[in-house]
Structure formats: C-alpha cells, structure tokens
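Visitor: I am new to this structure and would be grateful for a guided introduction. Might we proceed by question and answer?

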Amino acid sequence: MSQSKTNSLFTALLSKDRIRIFSFIRTLIPHNSDAEDVYQRVCLTLWKKFEEFDRDRDFFPWACGIAFYTVRNHHRSLRHDRHYFDQDLIETMSRNREQHLANYNSRIDYLHECLSSLTASDQKLLQDAVFEKQSLSEIAKATEKSIQTLYNRMSILRRELAECISRKLQNEQ
C-alpha cells in the first residue's frame, strides 16, 4: 500500500474511533488532562505501529490494546502518587470499558432509529431540550405546558430510548 493510502486509512480509522479510544483511556485515568496526554501518546504509538496493524481485523480493539499498555506505563510513572489505581483494577476496568465501547457505533445507530419512532411532539421536545439546549421553563412557556409535565415527559422519553436501544442491542446478539 502506498504511503498516502496508508496515511489516509490511518486517519480514517482514528477519526472513526477517536471518541471511543479517548473514553476508554478516560475510564482508566481519573484526571482529564492526564488522559489527554496519554491519548496523544497513544495516537503517536498507533501511528508508529500502524504497519503492524492487521487490516483484516477491527481497529478499535487493537488501539485499546496499545492504549491499555500506555495507561499502564503512565500509572507506573505515577507510583509515588498515592492516588494511583491497582494493576488488577486497571485490567478489569479496561476489559469492561472496551466491551462497553465496542457497541458505541451500534448504540448511536439504534438511538437514531429509536428517535425516529417517537411522535413529532416528543422529537421536538428532545430537539429543543437536548440539542438546542433550551431550558424546560422556556419550552413550557412556548408550549403552554407545566414544567413538571415536561420533566415527567423527558424522564419517560429517556427511559423509553434506553430500553429501545437495549432491546436492539440484545436482538443483535
């Protein structure tokens, strides 16, 4: 593969999974600034080792493997700090978070499907409250509904969306 194609492939794979990779790291590193530093080291290592990547396999687990060892090295360098995680805990958290994040793209797709099955008024409520970041008191004034009614509806919608996504994930397995 030519260098420009390799560069393009690496960029595409990293762009697709960057949020999941950072979330994986953030689970294992308590401070955001440290997690950002580790993420940068992981990206550099991924780039340097990309020739070793088996293109017939999924990029995310490979990247998580590299991130895991980078996090271990980071924690090893912080051993003098009394707030470091035990190695067994890091491994357990790493496995759990990698499994959770492996479904990230599916959950986003299912969220869109579940959202499209809602009524137009529920979609509008979520659009205004979540994406437009309007307060429920603003929405209540505009729709002439009580704030409590909107809080209750938002709670129901969150639960329904979570259940819908869970059902779709279970059906996938």
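**The largest pocket and its surroundings**

Guide: The largest pocket has a lining of 13 residues, and those nearest its centre are Ser121, Leu125, Thr143, Lys145 and Leu150. The model under discussion is a predicted one.

Visitor: Which element gives the largest share of the lining of the largest pocket?

Guide: The elements that each give two or more residues to this lining are H6, helix H7 (136–143) and H8. The largest share amounts to 5 residues, and the element that supplies it is H6.

Visitor: How much space lies in the largest pocket?

Guide: Rolling a probe the size of a water molecule over the atoms shows where empty space is left. For the largest pocket, the space comes to about 210 Å³.

Visitor: Which residue forms a salt bridge with Lys124?

Guide: The two partners both lie in helix H6, 4 residues apart, which is about one turn of the helix. Their closest N and O atoms are 2.9 Å apart, and the partner of Lys124 is Asp128.

Visitor: Is Asp128 buried or exposed?

Guide: A residue counts as buried when its relative accessible area is under 20%. The relative accessibility of Asp128 is 10%, so Asp128 is buried.

Visitor: How many residues apart in sequence are the parts that Arg153 and Asp122 tie together?

Guide: The side chains of Arg153 and Asp122 meet in a salt bridge, with 2.5 Å from N to O. Arg153 belongs to helix H8 and Asp122 to helix H6 (residues 120–131), so the parts tied together are 31 residues apart in sequence.

Visitor: Which helix holds Lys168, the salt-bridge partner of Glu113?

Guide: The side chains of Glu113 and Lys168 meet at 3.1 Å, N to O. This pair links distant parts of the chain, 55 residues apart: Glu113 is in helix H5 (residues 104–116), and Lys168 is in helix H8 (residues 147–172). Glu113 is partly exposed at 39%, and so is Lys168 at 26%. The helix that holds Lys168 is H8.

Visitor: How many salt bridges are there?

Guide: Side chains of opposite charge can pair when their charged atoms come close. Salt bridges that share partners also join Lys16, Asp17 and Arg20 into one network. The count of salt bridges comes to 5.

Visitor: Over the face of which residue does Arg20 lie?

Guide: Arg20 is 3.9 Å from the ring centre, and the ring is that of Phe60.

Visitor: What kind of aromatic pair do Phe50 and Trp62 form?

Guide: The structure holds 11 aromatic pairs. In the pair of Phe50 and Trp62, the centres are 6.5 Å apart and the planes stand at 65 degrees. Planes over 60 degrees apart count as edge-to-face, so this pair is edge-to-face.

Visitor: What distance separates the end C-alpha atoms of helix H3?

Guide: Helix H3 (residues 59–77) has 19 residues, and at 1.5 Å a residue these should span 27 Å. The end C-alpha atoms agree with that expectation, lying apart by 27 Å.

Key. Residues numbered from 1 in each chain as written. Predicted model: local features only at pLDDT ≥ 70, side-chain atom pairs only at ≥ 80, totals over all residues. Heavy atoms only, no water. Salt bridge = Lys/Arg side-chain N within 4 Å of Asp/Glu carboxyl O. Buried < 20%, exposed > 50% of the residue type's maximum accessible area, 1.4 Å probe, protein only. Expected span 1.5 Å × (residues − 1). Phe/Tyr/Trp six-rings, centres within 6.5 Å; stacked < 30°, edge-to-face > 60°. Lys NZ or Arg CZ within 6 Å of the ring centre and 35° of its normal. 1 Å grid on protein atoms, 1.4 Å probe; cavity = no way out; pocket = protein on both sides within 12 Å on 5 of 7 lines; lining within 4 Å. Points joined across faces, edges and corners; volume = space filled by probe spheres on them.
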